[in-house]
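Subject: Structure for your review

Dear colleague,

Please find the structure below, followed by a summary of what was found in it.

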Amino acid sequence: MATEVGSSMIARRIETALVVDDCSVVRMVNTKLLSILGLKVSSAKDGVEAVAMYETGEGNFDLIVMDLEMPRMNGIEATTELRAMGVDCMIIGATACDDVSRRQRFMEAGLDRLFNKPLTIANLQSCLN
C-alpha cells in the first residue's frame, strides 16, 4: 500500500493502528472497523497515553487515528508532539468539531487526513489504499 507523505509517495504496508479517543464507545467502534480491515489495533484514551506509548517504546504503529477533543492532551497537541518526536506514520484525525480554524490547526499539527465523526469503513479504506 502507498502512503502519501508531502509530495512524495512512499510504499508502506499498513498492518498496525493506534486509536486515540477519550470515548470508550468510539474507541471500540474504530477498533472494530480497523480490525475488519485486517489491522492489529491498540488504543489510548487521550494524547498523553499516545505520546507515552512512543516515549516508552511501546508505540510503533503504521497508522494513528486521532480524536481532536480530549482531556489532558488534545489531538492538536498530541499530533504536534508525536511529529516533533519523529513519528512519521500516517495520522488521520477524526472530529465532530465544525470550527474551520480549529480543524485547520489540527491539520497543520501534522495530520495526513481529517474526517468527520463517525468514521466509516470507506473513510479508513481510502487511507489504506
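**Helix H2**

In helix H2, which spans residues 47-55, the buried residues are Gly47, Ala50, Val51, Met53 and Tyr54. Here, buried means under 20% relative accessible area, exposed means over 50%, and partly exposed lies in between, with a 1.4 Å probe and protein chains only. Helices (H or I, at least four residues) and strands (E, at least two) are DSSP runs numbered from the N terminus. Viewed down the axis of H2, the buried residues fall within an arc of 150°, so they line one face of the helix; the arc is that of the directions from the helix axis to the C-beta atoms. As background, an α-helix has 3.6 residues a turn, so residues three or four places apart point the same way.

Please note that this is a predicted model, in which local features need pLDDT of at least 70 and side-chain atom pairs count only at pLDDT 80 or more, while totals for chains, interfaces and linings use all residues. Residues are numbered from 1 along each chain as its sequence is written, and side-chain values use heavy atoms, with hydrogens and water left out.

The cover over the buried residues of H2 includes strands S3 (16-20), S4 (40-44) and S5 (63-67), together with helix H3 (75-84). Aspartate 46 caps the N-terminal end of H2, with a side-chain oxygen 3.0 Å from the backbone nitrogen of valine 48. A polar contact is a pair of N or O atoms within 3.5 Å; within protein, one must be able to donate a hydrogen and the other to accept it, and residues adjacent in sequence count only if both atoms are side-chain atoms. Just after H2, glycine 57 takes a positive phi of about 90°.

**The aromatic pair**

The structure holds one aromatic pair. It is formed by tyrosine 54 and phenylalanine 61 and is edge-to-face, at 6.1 Å centre to centre and 65° between the planes. Rings of Phe, Tyr and Trp (its six-membered ring) pair if their centres lie within 6.5 Å; planes under 30 degrees apart count as stacked, over 60 as edge-to-face and the rest as tilted. Tyrosine 54 counts as buried at 14% relative accessibility, and phenylalanine 61 is buried at 9%.

**Aspartate 67**

The UniProt annotation "modified residue: 4-aspartylphosphate", from an unreviewed entry, covers Asp67; UniProt positions are given in the numbering used here, feature names are shortened, and annotations may be inferred rather than shown by experiment. Aspartate 67 lies in strand S5 and counts as buried at 5% relative accessibility. Not counting residues up to four places away in sequence, aspartate 67 touches Val20, Asp21, Asp22, Gly75, Ala94, Phe106 and Lys117, where contact means heavy atoms within 4.5 Å.

**Helix H5 and leucine 37**

In helix H5 (residues 121-128), Asn123, Leu124, Cys127 and Leu128 are buried. These residues fall within an arc of 135° seen down the axis of H5, so they line one face of the helix. Leucine 37 sits in the loop between H1 and S4 and is partly exposed, at 22% relative accessible area. Apart from neighbours within four places in sequence, leucine 37 is in contact with Ile121, Leu124, Gln125 and Leu128.

**Cysteines**

The structure holds zero disulfides, a disulfide being a pair of cysteine sulfur atoms within 2.5 Å. The sulfur of cysteine 23 is 16 Å from the closest cysteine sulfur, in cysteine 97, too far for a bond.

Yours sincerely
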